[in-house]
Amino acid sequence: MEYLVRFVQIHETFRLPELRSLSALAGVEVEVVEYSDDSPYCIIKLQTEDDAKRLIRRSILAAAIYELWGIGPDYASLHEDVKERSSHLWPQYKTGTFSFQIDSFKGKRNQSDKSGIIESFKFVGFTGKITMKNPDEEFVILEEYPHQTTAEPKRVALGRLLGMSTRSVVQTYDLKKRKYISTTSMDSELALVTANMALAGPGKLMYDPFTGTGSFPIACAEFGTTVLGSDIDGRSIRGTPKRNVVSNFVQYGTLHRYLDGFVSDLTNSPLRGCLGGLGGRKGRWLDGIVCDPPYGVREGLKVLGSVKEDLKKEVILPNGVPAHLQAGYIPPKRAYSFEAMLDDILDFGYDMLVDNGRLCMWMPTANDEDTEIAIPSHPAMRLVSVSVQQFNKWARRLLTYERIPEDQIDEAALRSRIRKAEIAGTTASELNAFRRKYFEGFRDQPVEQNPPKRRGFWISPSIWIR
């Protein structure tokens, strides 16, 4: 049976990957019949009506799903397709209450036109009462116009509404309403989409190694996931006594799903030593990793450690106490390569994710082929999807990886893997290709006059990066 998914016309390259992720989460087999980034309508094949309802329930970028009763370039064609495609279904709904509505994309109808269009479907022969509030069945006529100035749609369809998505939750998690945020907090819509791509759900444990104010753990917790996070800057987690990461979970009633936040960086994570297996084997116990790593534009990337030999060893103070155990201790940090960070994230996913566990990582890139930053790869991490959010001369991608089961990994490729950790250079730009290219030509938009002091880097009137 064919079904029509009504998407929202935003974040187009994220829509189909999210839909496929939800199909994996729900255990629903989906065949995509027709899809275009330029259209809000997608036609798919599913086995059952229940599959359709389960598929749409968690979606953020889709609004609804319909049993497709007909589709065509104009109303005459639509009427014929409805008769051919769905006439065998009409008797089931003949006597129940029902409603007809019109959903126009890039177009508008006056009430008189709407009434005439709805009347044109009287051939279905429904005799039940028309009820606009809570009818037994809702039928929707979907119109797609090529432009807002055109008088007639380029395509029309009729569908029986089966289910609505959970898109309304985006407003619940709107950053404007959140108690504790920073200038680099991921907006609620994309954070929730990322949680879907990571297959967040009850009974799973997910981790954000660059948690900041907790946007991704908060989104994953909304879907029933147990979460934890860490950050090299403990101030972002602690906040103030009344405004901090914990207060965000309290605000949304999901504190029981938040294990904790701690200070760490990915290369010195205590999680690698937790729950280790027998025989010294590493324990793989994370179901998902979700993160938006720092891009290193405003400041160079840092990692715990030092280039000074004396600081690479444990420092003992004159009183005999190790320096790192003293109150107020600030650990030394050294410059860090952007490419090495990406490799370390993939290595961490390989070390910590269960079979088929997902890593969802945001990564900046250029928009031209000459300066585009390559997508990192790993023999044990299969790239599932790449979705792009465009800005001006640069963009950021959401990369979704899946941990390959142990018995399917190419061991030869794993042994010959070449990391990019040892990159020549000492300055922030030498160690970060994106930072260097950003200042060489990405930033051609106007610079804000006398900008307020913020923990971020201005790239547009509403977007800041770290």
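Is Asp351 buried or exposed, and what is its relative accessible area? In this predicted model, in which local features need pLDDT of at least 70, side-chain atom pairs count only at pLDDT 80 or more, and totals for chains, interfaces and linings use all residues, Asp351 is buried, with a relative accessible area of 10%. Residues are numbered from 1 along each chain as its sequence is written, and side-chain values use heavy atoms, with hydrogens and water left out. Buried denotes under 20% relative accessible area, exposed over 50%, and partly exposed the range in between, with a 1.4 Å probe and protein chains only.

The protein contains 12 helices and 18 strands, taken as DSSP runs numbered from the N terminus (H or I of at least four residues for helices, E of at least two for strands). Of its 466 residues, 51% count as buried. Among contacts (heavy atoms within 4.5 Å) between residues at least 6 apart in sequence, 71% join residues at least 24 apart.

Strand β7 (residues 155–164) is mostly covered, nine of its 10 residues being buried. Pairing of two strands requires that DSSP find at least two bridges between them; strand β4 (residues 62–72) is joined to β7 by eight bridges in an antiparallel arrangement, with Tyr66 opposite Leu161 of β7. Strand β6 (residues 137–144) likewise runs antiparallel to β7, through six bridges, and the partner of Leu142 in β7 is Ala157.

Salt bridges, defined by a side-chain nitrogen of Lys or Arg within 4 Å of a carboxyl oxygen of Asp or Glu, number 25 in the structure. One of them joins the side chains of Asp351 and Arg272 at 3.0 Å, N to O; this pair links distant parts of the chain, with Asp351 in helix α10 (residues 338–352) and Arg272 in the loop between β10 (258–263) and β11 (286–291), 79 residues apart. Whereas Asp351 is buried, Arg272 is partly exposed at 26% relative accessibility. A salt bridge also forms between Asp343 and Arg417 (3.5 Å, N to O); Asp343 lies in helix α10 and Arg417 in the loop between α11 (411–415) and α12 (433–442), so the pair ties together parts that are 74 residues apart in sequence. Both Asp343 and Arg417 are buried. A network of salt bridges links Glu49, Lys53, Glu67, Glu137 and Arg160.

With a disulfide taken as a pair of cysteine sulfur atoms within 2.5 Å, the count comes to zero. The sulfur of Cys220 lies 8.2 Å from the closest cysteine sulfur, in Cys360, which is too far for a bond.
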